[in-house]
Amino acid sequence: MAGRQNRNQDMDPFTSPRTFFGSELRRAREAAGFSQDQLGERVFCSGTYIGQFESATRRPQPDLSRLLDEVLGTGEHFQRLCELARKSKHADYFADAAELETRAKTISEYAPMLVPGLLQTEGYARALISAAQRFESREVVEALVQARLERQAILADSAAPLLWIVLHEAVLRVRVGGAHVMAEQLTSLAEMAGANRRVLIQVLPFEAGADAFLNGTTIHMTFADAPAVTYAESAYTGQLIEEPALVAQYQRAYDLTRAASLSPEASLSLIESAAKDFATQ
């Protein structure tokens, strides 16, 4: 605990809004005479969680910031800082999950209709975002495309997470951006599955029937120094799930879906076949 707090004290509070939030939280906590564990008990979280905010490794949360203001008697100070520190290139409902991706040890994702963002080509991402943001300007669309592509940098990192993707077969058939874009995207998927030993892709075939996740994307993440979390998303909304029992239920459902999927080798053959089909259109 002492080592972690010393690192927090060495942190430059003016590096970013998030580090300023963390520095202010530490200052207010110490002024109130609380340890991280004691403050955590009063705002219904762990001392480790408080430490993550103080060290700026987690984005501040609105509900927790409100509780911090109540317990520490700081008016709306942390709520205002939270609003500033939560600004992100990503949609607000996804921003926390996007940040956690960069720290994850493993990422297990189920995609029912679309190629996951971490594996999208630029053409596929642009076609998809253009369709989803039909009334936004081209500048907004391009900013979202670049933000999505920037997420993929974690796959080239020496400490890249183990990425295990289950695609429903519908992902290989839903035409996004035309035949050329689909051929390029599926070829990229096949190359990634064949060349990157930290990326494993399986396909859940149509004949597998109903599965637990047909109604939306699900991402399960584990960490070396924190509990697992699950992110569930549908159109224009998403939810980060941290309650251990519910996270475990999602994990069991993902395991069942993975067990019903084709082997990685058979999945690769199906992806390559679908890519050839689009390439000849």
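A salt bridge here is a side-chain nitrogen of Lys or Arg within 4 Å of a carboxyl oxygen of Asp or Glu. Keep in mind that this is a predicted model.

Q: Which residues are linked with Arg26 in a network of salt bridges?
A: A salt bridge needs a Lys or Arg nitrogen within 4 Å of an Asp or Glu carboxyl oxygen. In the network that includes Arg26, the linked residues are Arg29, Glu30 and Glu54.

Q: How far apart in sequence are the parts that Arg29 and Glu54 tie together?
A: The closest N and O atoms of Arg29 and Glu54 are 2.5 Å apart, and the two form a salt bridge. Arg29 belongs to helix H2 (residues 17-31) and Glu54 to helix H4 (residues 47-54), so their pairing ties together parts separated in sequence by 25 residues.

Q: Is Arg59 buried or exposed?
A: Arg59 forms a salt bridge with Asp96, with 2.8 Å between the closest N and O atoms. Arg59 sits in the loop between H4 and helix H5 (62-72), while Asp96 is in helix H7 (residues 92-101). Buried means under 20% relative accessible area. Arg59 has 2% relative accessibility, so the residue counts as buried.

Q: Does Glu150, the partner of Lys89 in a salt bridge, count as buried, partly exposed or exposed?
A: Lys89 and Glu150 form a salt bridge whose closest N and O atoms are 2.8 Å apart. Lys89, at 55% relative accessibility, counts as exposed. Glu150 has 44% relative accessibility, so this residue counts as partly exposed.

Q: What span should helix H13 have at 1.5 Å a residue?
A: Helix H13 covers residues 264-279, which is 16 residues.

Q: Within what arc do the buried residues of H13 fall, seen down its axis?
A: The buried residues of H13 are Ser267, Leu270, Ile271, Ala274, Ala275 and Phe278. Residues three or four places apart point the same way, because an α-helix has 3.6 residues a turn. The buried residues of H13 line one face of the helix, because they fall within an arc of 140°.

Q: Which strand is included in what covers the buried residues of H13?
A: On the other side of H13, Glu265, Lys276 and Ala279 are exposed. The cover over the buried residues includes helix H10 (170-173) and helix H11 (179-195), along with strand S3 (199-204).

Note on methods
Residues are numbered from 1 along each chain as its sequence is written. This is a predicted model: local features need pLDDT of at least 70, side-chain atom pairs count only at pLDDT 80 or more; totals for chains, interfaces and linings use all residues. Side-chain values use heavy atoms; hydrogens and water are left out. Helices (H or I, at least four residues) and strands (E, at least two) are DSSP runs, numbered from the N terminus. The expected span of a helix is 1.5 Å times one less than its number of residues. Buried means under 20% relative accessible area, exposed over 50%, partly exposed in between (1.4 Å probe, protein chains only). The arc is that of the directions from the helix axis to the C-beta atoms. Contact means heavy atoms within 4.5 Å.
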